[in-house]
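Please read these notes with the model open beside them.

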Amino acid sequence: MASKKAADGKDREPATPATDAADPAAISLWERLDRPAPAPRAALTPQKIAAAAVRIADADGIDAVTMRRLATELGVAPMAAYRYVSGKGDLLDLMTDAVYADLKLPDDIDNWREVMRAGALRTREIVLSHPWLIQISSPQALRALTPHRMATAERALSALDGLGLDIDAMMSVLGTVNSYVHGAVSAECAQYLLMKEQGWTSTDDLRLALAPQMRYLLSTGRYPTYRRYIHEATRKDDPQWRFETGLDSVLDGIAARLGI
């Protein structure tokens with residue numbers, strides 16, 4: 001578009017019309033929330049929305065979190081929350097960020113292994129407190145780039161910086177530890193959810209339910225080492241020990257492989 005002459009005779013670029021503004025759908029949730037609030041004393045805030053949604057999910061599961069249920073919980077009109085979130089996807093992002101805000105590591109640790117280990121243990125605690133995180137993590141993980149999750153990743157990467165690794169290796173270390181944590185905690189949550197669904201109150205109830213299948217499979221003689229585990233293991237009901245042992249094995253492997 002050609003420029004226009006101003007009164008002083010100089011060229012001026014034409015003003016951009018409002019219709020050329022960025023597509024709202026292409027603007028990140030976090031960018032929108034970082035902008036000044038439209039009302040100085042809004043009764044509803046993103047923090048209140050997230051907290052209410054987390055309460056619902058913790059009590060009744062992630063499927064119970066709907067915009068209508070959320071409005072009831074907050075005591076507002078059903079459309080009120082849409083000022084901050086465009087739908088369920090944004091709401092899940094807010095919830096994820098809210099719970100990861102509790103993933104705070106001590107300021108006095110900076111050794112890469114201590115940071116990774118502390119972060120993994122704290123992540124396990126958070127996910128076990130909010131098991132719905134596992135249910136949404138597979139489709140949600142790729143899109144849930146939230147401020148607090150990014151801060152956690154930044155802390156881990158900064159602990160690896162300066163050790164002689166290139167940035168690709170640093171990210172691979174972080175991804176390896178995260179993959180272990182996700183896999184181990186997913187299995188743990190799946191067991192707890194199954195027990196809850198079946199009304200089993202202890203792992204003894206779980207073992208009793210599985211006893212017919214286990215008894216037959218072991219009787220075939222095809223699984224002698226597993227049979228030994230069933231009869232000799234003393235830490236079957238110690239998921240904390242199992243998690244930490246696996247985690248330390250992963251960290252040992254990283255240290256040996258990369259020489260850090």
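1. Basis. This is a predicted model, in which local features need pLDDT of at least 70, side-chain atom pairs count only at pLDDT 80 or more, and totals for chains, interfaces and linings use all residues. Residues are numbered from 1 along each chain as its sequence is written, and side-chain values use heavy atoms, with hydrogens and water left out.

2. Fold. The chain has 11 helices and 2 strands, in the order β-β-α-α-α-α-α-α-α-α-α-α-α along the sequence. Helices (H or I, at least four residues) and strands (E, at least two) are DSSP runs, numbered from the N terminus. Of the 260 residues in the chain, 31% are buried; buried means under 20% relative accessible area, exposed over 50%, and partly exposed in between (1.4 Å probe, protein chains only). Among contacts with a separation of 6 or more, 66% join residues 24 or more positions apart, where contact means heavy atoms within 4.5 Å.

3. Core. The largest nonpolar core has 57 residues, of which Met95, Met116 and Trp132 touch the most other members. Helix H8 (residues 167–198) gives the most to this core, with 9 residues. A nonpolar core here is a set of buried Ala, Val, Leu, Ile, Met, Phe, Trp, Tyr and Cys residues joined through side-chain atoms within 4.5 Å. Setting aside neighbours within four places in sequence, Trp132 is in contact with Val54, Ala57, Asp58, Ile62, Met95 and Val99.

4. Helix H8. The 32 residues of H8 should span 46 Å at 1.5 Å a residue, and its end C-alpha atoms are 46 Å apart, which agrees; the expected span is 1.5 Å times one less than the number of residues. Buried positions in H8 include Ala169, Val173, Tyr180, Glu188 and Met195. At the start of H8, a side-chain oxygen of Asp166 comes within 3.1 Å of the backbone nitrogen of Asp168. Just after H8, Gly199 has a positive phi of about 75°.

5. Asp97. Beyond four places in sequence, Asp97 touches Trp30, Thr146, Pro147, His148 and Arg149.

6. Salt bridges. The whole structure holds 11 salt bridges, each a side-chain nitrogen of Lys or Arg within 4 Å of a carboxyl oxygen of Asp or Glu. Arg117 and Glu244 form one of them (2.8 Å, N to O). This pair links distant parts of the chain, with Arg117 in helix H5 (residues 112–129) and Glu244 in helix H11 (residues 239–258), 127 residues apart. Arg117 counts as partly exposed because its relative accessible area is 23%. In another bridge, Asp238 and Arg235 have their closest N and O atoms 3.0 Å apart. Salt bridges that share partners join Arg117, Glu244 and Asp248 into one network.

7. Start of H9. Thr203 lies in helix H9 (residues 203–219) and contacts Gln191, Met195 and Asp237, leaving aside neighbours within four places in sequence. Asp237 also forms a salt bridge with Arg207, with the closest N and O atoms 3.0 Å apart. Arg207 is in helix H9, whereas Asp237 is in the loop between helix H10 (224–232) and H11, 30 residues apart.

Notes:
A polar contact is a pair of N or O atoms within 3.5 Å; within protein, one must be able to donate a hydrogen and the other to accept it, and residues adjacent in sequence count only if both atoms are side-chain atoms.
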